[in-house]
Amino acid sequence: MPEAAIITEEVRAVDATATGDTLLVAPGRLPDALGWELKPQGLCRADACFPVRERDVLFVGDKVDLGAVAVALGRPAVIDPAARIAAFALDGEGRRSALESLQAPAFELDDLDGRRHNLEEWRGKKKLLVAFSSW
Amino acid sequence: MHDELADAGFTVLGVALDDSSDAVRPWVDNISFPVLLDPNHLVTELFAISNVPTVIWIDEDDRIVRPNGVAFGTDMFKDFTGAEAEPHLNAVRRWVRDGELPLTADDARGRVGDLSPNEILARLHFRVAAQARHQGDEGVARRHFETAVELAPHDWTIRRAAMPLMGDDPFGQKFFDMYTEWQQAGSPYHGLGPSEAL
C-alpha cells in the first residue's frame, strides 16, 4: 500500500488507500496517522477518550476512514485523496480555552538546525514570542 | 533587546513562518536568541495569529500576559504601518525589569478573537499545499494555496505567505492588492493594534 502524508502537529507518512473522497488506513495504523487509537471506549489519545456512538461510520470494509474519524473528533480536515495528502486541525477547544484562560498552549518545533524544542524549555523565563517571516 | 535583557531572565523566542531554514537564515544572522521554524504555521492556529510580526508576552509560568500584538523591532516600516518600535520595546523593558504589565489579566482576556471556521480550513489547505509543493506536485499545491486564499483573503499568514511559494513576489503588486483589500475590509487583525496596551 503506498504512503500518504498525514499532517497534524507533525507530518507523518502512513500506508493508506485512496478512495474518491477520502483516505483509508488499517485500524492498527490510526495512532501513527493521527495520534488517536480506536479502543472499545472510543477514540483515545493519552488519557483522553472521545466516545464514538456509531463505530460502523468510521469503517469502509476493514479500514478506517480518516475523514469519518475527523468528523467523530469534531476536527476540521482537508483530505486530497488523489494527492495522498490530508491535514487535520489542531485542538480547537484547546485554542479557545487558551484565549480565555491565557495559559499558553504547549507546542514543539524544530530550530533552524533541525533540533526539536518545546515551549516548556523556557519555563522560568519571560518570553517575547515573535512570529515573523521572510515574506 | 534579547541581549540587553538576557541576564534579567528574559528571552526572545522567534518563530519563523517559513518553509525552510535557508529562507530564514539571512534574517537572523548574528542573533543570539532561539529561532524555531514553523513551515506548517502551527502557532498561527494555536494562538490565532493572522499577521507578522506578531508578538506575545509569555511569563515565567507560560501564562500569556500580553496577547497577540503588532510590534516591530525597528522603525524600518514605520512610514508604512504607522507603528513605532520604541514604545513597545520600552514596555517590554518595564515588564522584564520591574514586572510592570501594560494591561490586567481581565483586560488581556478575550482581546484576541478566535479563528473562524474558514480561517481554520484555510490553514489546512495551506498545509496540504505546502506538502504537495514539497512532493513536487505544483498543480495540487497551487489549487490548495488558491483555496486557502479564497477562504482567508485578509490573513497575511495565508495569502502573503503563499505568494513566494507560488512564485509571486511578496513585495510586489500582489502585496499591494492585498493591502488595499485588507484596508477596505477594516484592517482585520487577531489581537492588539500597534499602539494599544503599551
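**View 1. The outward face of helix 3 in chain A.** On the face turned away from its buried side, helix 3 of chain A carries the exposed residues A:Glu93, A:Glu100 and A:Ser101. Helices (H or I, at least four residues) and strands (E, at least two) are DSSP runs, numbered from the N terminus. Keep in mind that this is a predicted model: local features need pLDDT of at least 70 and side-chain atom pairs count only at pLDDT 80 or more, while totals for chains, interfaces and linings use all residues. Residues are numbered from 1 along each chain as its sequence is written, and chains are lettered from A and ligands numbered from 1 in the order in which they are written.

**View 2. The buried side of helix 3 in chain A.** Now for the other residues of this helix, which runs through residues 92-101: A:Arg95, A:Ala98 and A:Leu99 are buried. They sit on the same side of helix 3 of chain A because they cover an arc of only 100° around the axis, the arc being that of the directions from the helix axis to the C-beta atoms. An α-helix has 3.6 residues a turn, so residues three or four places apart point the same way. What do the buried residues of helix 3 of chain A pack against? Their partner is helix 3 (42-46) of chain B.

**View 3. Helix 2 of chain A and what follows.** This helix covers residues 66-73, and its buried residues are A:Leu66, A:Gly67, A:Val69, A:Ala70 and A:Ala72. Next comes A:Gly74, and its phi is positive too, near 70°.

**View 4. A:Pro81 and A:Ala26, two loop residues of chain A.** Look for A:Pro81 in the loop between strand 10 (77-80) and strand 11 (85-88) of chain A. A:Pro81 counts as partly exposed because 19 other C-beta atoms lie within 10 Å. Leaving out residues up to four places away in sequence, A:Pro81 touches A:Ala18, A:Thr19, A:Gly20, A:Asp21, A:Thr22 and A:Leu23; two residues are in contact if their C-beta atoms, placed from the backbone, lie within 7 Å. A:Ala26 belongs to the loop between strand 4 (23-25) and helix 1 (30-34) of chain A. With 16 other C-beta atoms within 10 Å, A:Ala26 is partly exposed. How far apart in space are A:Ala26 and A:Phe59, C-alpha to C-alpha? They are 9.7 Å apart, though 33 residues separate them in sequence.

**View 5. Helices 7 and 8 of chain B, side by side.** Helix 7 (residues 117-134) of chain B packs with helix 8 (residues 138-151) of chain B at about 165°, and their axes are 8 Å apart. The axes are lines fitted to C-alpha atoms, for helices over the stretch in contact, and angles run from 0 to 180 degrees between N-to-C directions. That angle makes helix 7 of chain B roughly antiparallel to helix 8 of chain B (angles over 145 degrees count as roughly antiparallel, under 35 as roughly parallel, 65 to 115 as roughly perpendicular and the rest as oblique). Among the residues that meet are B:Leu121 and B:Phe126 in helix 7 of chain B and B:Val140 and B:Phe145 in helix 8 of chain B. By class, the residues of this contact of helix 7 with helix 8 of chain B divide into 11 nonpolar, four polar and two charged. Here Ala, Val, Leu, Ile, Met, Phe, Trp, Tyr, Cys and Pro count as nonpolar, Asp, Glu, Lys and Arg as charged, and the others, Gly among them, as polar.

**View 6. Helix 9 of chain B meets helix 7 of chain B.** These two helices pack at about 10°, with axes 11 Å apart. Helix 7 of chain B and helix 9 of chain B are therefore roughly parallel to each other. The contact is made by B:Ala122, B:Phe126, B:Ala130 and B:Arg133 of helix 7 of chain B with B:Ile158, B:Ala162 and B:Leu165 of helix 9 of chain B.

**View 7. Where chain B touches chain A.** The contact takes 64 residues from chain B and 42 from chain A. Which helix gives the most to the side of chain B that touches chain A? Helix 7 of chain B does, with nine residues.

Key
Buried ≥ 20, exposed ≤ 12 C-beta atoms within 10 Å, placed from the backbone.
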